[in-house]
Amino acid sequence: MTTRRQFMVSVPAAAAAFALADQLVLDVGRARAQQIDPLQGHFHIKGKAPSKFTLDVLKQAKATLPFADKRDFEEQKKGLIAPMKDLKIMADAGHVAWDMERFQFLEAQEEFDSIHPSLLRQSVLNNNYGLYEVIPGIYQVRGFDLSDISFVRGKTGWIVFDPLVTAEVVRAAWKLFQEHVGEGLPVSAVIYSHTHADHWGGVRAIVDEADVRSGKIPVIAPIDFMDFTISENVFAGNAMNRRLFYQYGLLLPASPHGYVGQGLGQAVSAGAVGLIAPNRYVKEAIEEIEVDGVPMIFQYTPNTEAPREMNTYIPRMKALWMAENVIASLHNIYTLRGAQVRDPLNWSKYISEALYRFGLEAEVMFASHHWPRWGNERIQEVLRGQRDLYAHMNNQVLHLANQGVTINQIHNVYKLPEGLQDKWFCRGYHGSPEHNSRGVIQRYLGFWDCNPTTLIPLSPSDSAPLYVEMMGGAEKILARGRELHDEGQYLLASEIVNKLVQAEPQNQVAKDLLADIFEQIGYQQENPGLRNSFLAAAYELRTGIPQGETADSSGPDVIRAMSTELFLNFLGIRMDSRKAEGMRFTINLITPDNGEKFLVELENATLTNIKGFLANKPDLTLTINRSDLEQTMMGAKTLEAQIADGTAKVDGDAGILTQLASIMVDFDPRFEIMPGTKARGTEVASYPGYVESGIKGKADPYEAVPRQTIAE
Ligand SMILES: [Zn+2]
């Protein structure tokens with residue numbers, strides 16, 4: 001089965017080739033029409049060099065940022081036991097799961113004229129790749145994935161904190177660890193600090209599920225871990241997956257003009273994602289648990305960086321594990337791939353609590369991303385800085401909002417105080433002050449700036465033609481857009497050229513100019529999510545969305561983590577309501593093995609369900625064990641087949657299931673974002689924004705299809 005990850009991993013090289021071949025044939029004349037010459041050595045034939053304005057922005061940053069503070073570099077390399085020799089880790093499926101080779105260019109030069117010096121610094125720091133001692137008894141393998149895996153010595157073996165995203169990289173990390181310090185001892189416990197996939201996906205490489213089920217190996221996680229592991233990413237999952245192409249620059253090759261890392265780490269590994277349900281949950285605000293002979297204090301921190309998260313303090317070692325609540329960056333309050341806006345005040349308060357409970361005596365602090373901090377003074381500096389970072393963002397943004405600054409202005413008004421701007425660990429390598437400040441307003445006040453013009457506005461493509469007409473047509477806009485571009489007024493230029501692209505999606509000259517504008521804005525960004533988003537849009541405007549094999553659905557473990565209710569809720573989202581007009585039926589769904597029952601109803605072109613209820617006179621009763629239903633949810637066996645062989649029992653009109661199946665839609669993560677970039681050969685359904693792919697067979701209509709779990 002080709003996973004989504006494989007598709008994505010295979011894309012950059014193919015896409016670059018596609019770009020070259022395709023553009024040479026189709027658009028070379030238009031490329032020449034541009035005033036700016038393509039850049040030799042750029043991965044894209046239409047790619048441009050940074051302008052003098054961009055160079056000035058980067059030079060200015062270099063001059064004002066605290067480059068004299070080199071403590072991160074000392075901390076990042078401290079305790080190195082062994083670097084990893086193989087730069088590539090292969091996936092069991094045969095492709096490359098992890099590739100550090102592609103980031104080696106970052107070390108080749110002191111600076112790049114197309115990379116913000118602060119982002120370059122962070123990416124060089126993230127090029128660490130090997131086994132490190134944190135203190136005797138605590139080790140980390142870093143640079144094998146977006147996240148770090150940590151090993152704490154227990155009485156009988158190793159307690160593993162946060163086993164990365166995929167099994168292949170965890171296996172490689174475990175091997176390296178065992179070669180040097182593991183003493184051949186087994187894994188004795190696992191701790192998942194929180195619900196995001198980069199903190200549990202590789203667990204199957206080091207633990208046998210039977211040992212977890214029997215209780216031999218404790219797997220400890222915050223309460224409701226399973227409910228939140230994938231629920232955050234299911235309902236809008238396809239849209240999030242598409243948006244990852246922007247935030248994570250999935251189509252951009254690693255290069256000075258493309259992808260240069262993700263701030264949290266270099267990238268996300270592309271192997272097999274697995275999940276073993278925890279057998280011990282932390283639910284009190286503070287809980288002490290002896291884990292393999294090591295007393296640990298767990299601080300439960302819900303609704304911070306993740307819906308469910310916890311920090312851990314090991315008093316005997318004076319070691320504080322801050323999960324992903326404190327890292328070497330400003331984190332996302334609002335995450336660009338899309339997520340509910342996080343609560344910065346709550347987050348800050350939990351950091352404050354960690355400071356006063358543990359941070360006054362801790363001698364080492366480590367986390368699931370980046371490198372540790374040693375010495376109590378340094379720990380306090382980082383904890384206090386991070387506490388204030390999130391509190392300031394909450395308070396000052398609301399201070400300004402209370403004086404009338406709107407969601408459409410705040411990113412131009414809000415500034416971090418100088419004391420925080422000067423701390424490397426407060427800079428925006430994941431969240432940016434710009435998109436986070438907008439997120440805070442979104443959290444409290446929502447999208448509307450209170451100007452009625454923006455209350456029920458026309459869709460961009462509907463209003464754009466009038467702008468183009470009033471501005472005197474395409475040629476005038478292009479001329480003025482080029483002027484603004486040439487003056488370095490990129491945001492103004494993007495305003496008007498975007499209008500033209502919205503009005504004329506097939507105007508490649510306009511799309512190319514907008515791409516050139518976006519590219520300069522992208523080069524100027526310190527934040528990798530912002531950089532990638534501008535460069536990704538430039539890429540798609542120049543090349544279109546590449547054709548490629550689309551994704552299959554998620555692995556069995558992830559599906560098992562999905563409750564039946566979540567699955568039924570998601571069926572309601574997958575159903576195309578416009579095709580359900582006039583349909584009406586009631587289904588009783590009974591899953592005897594777990595004792596659940598659901599009343600599922602289609603009425604008013606809306607599919608609803610209610611747990612714990614059954615209809616008196618249902619049109620259909622479907623009885624199937626939850627464990628068998630999972631086969632259908634995974635796409636391994638159709639519901640039809642389950643009924644045919646008697647695994648599922650139906651009583652009533654089974655034709656209802658066929659009817660329901662006929663109105664289910666299989667979402668495709670390649671829908672168009674920028675106008676006129678749709679993959680060739682796909683068909684657009686009758687409404688905007690939806691691309692129905694004709695490339696691959698449809699998923700089973702009753703498949704759960706949450707796609708991949710999303711890291712971070
Ligand atoms: Zn993470």
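Which strand pairs with strand β18 (residues 596-603), and in which sense? The partner is strand β19 (residues 606-611), and the pairing is antiparallel over six bridges. Two strands pair if DSSP finds at least two bridges between them. Helices (H or I, at least four residues) and strands (E, at least two) are DSSP runs, numbered from the N terminus. E603 stands opposite T606 in β19. Two residues lie between the strands of this hairpin, and N604 takes a positive phi near 55°.

This is a predicted model: local features need pLDDT of at least 70, side-chain atom pairs count only at pLDDT 80 or more, and totals for chains, interfaces and linings use all residues. Residues are numbered from 1 along each chain as its sequence is written, and side-chain values use heavy atoms, with hydrogens and water left out.

Now the helices. The axes of α17 (residues 490-503) and helix α18 (residues 508-523) come within 9 Å and cross at roughly 150°. Axes are lines fitted to C-alpha atoms, for helices over the stretch in contact, and angles run from 0 to 180 degrees between N-to-C directions. The two helices are therefore roughly antiparallel (angles over 145 degrees). Residues making the contact (heavy atoms within 4.5 Å) include L491, V497 and V501 of α17 and L513, I517 and I521 of α18.

Q502 also lies in α17. Q502 is buried, with a relative accessible area of 17% (buried means under 20%, exposed over 50%, partly exposed in between; 1.4 Å probe, protein chains only). Beyond residues up to four places away in sequence, Q502 touches P460, S461, A464 and P675.

Notes
Angles under 35 degrees count as roughly parallel, over 145 as roughly antiparallel, 65 to 115 as roughly perpendicular and the rest as oblique.
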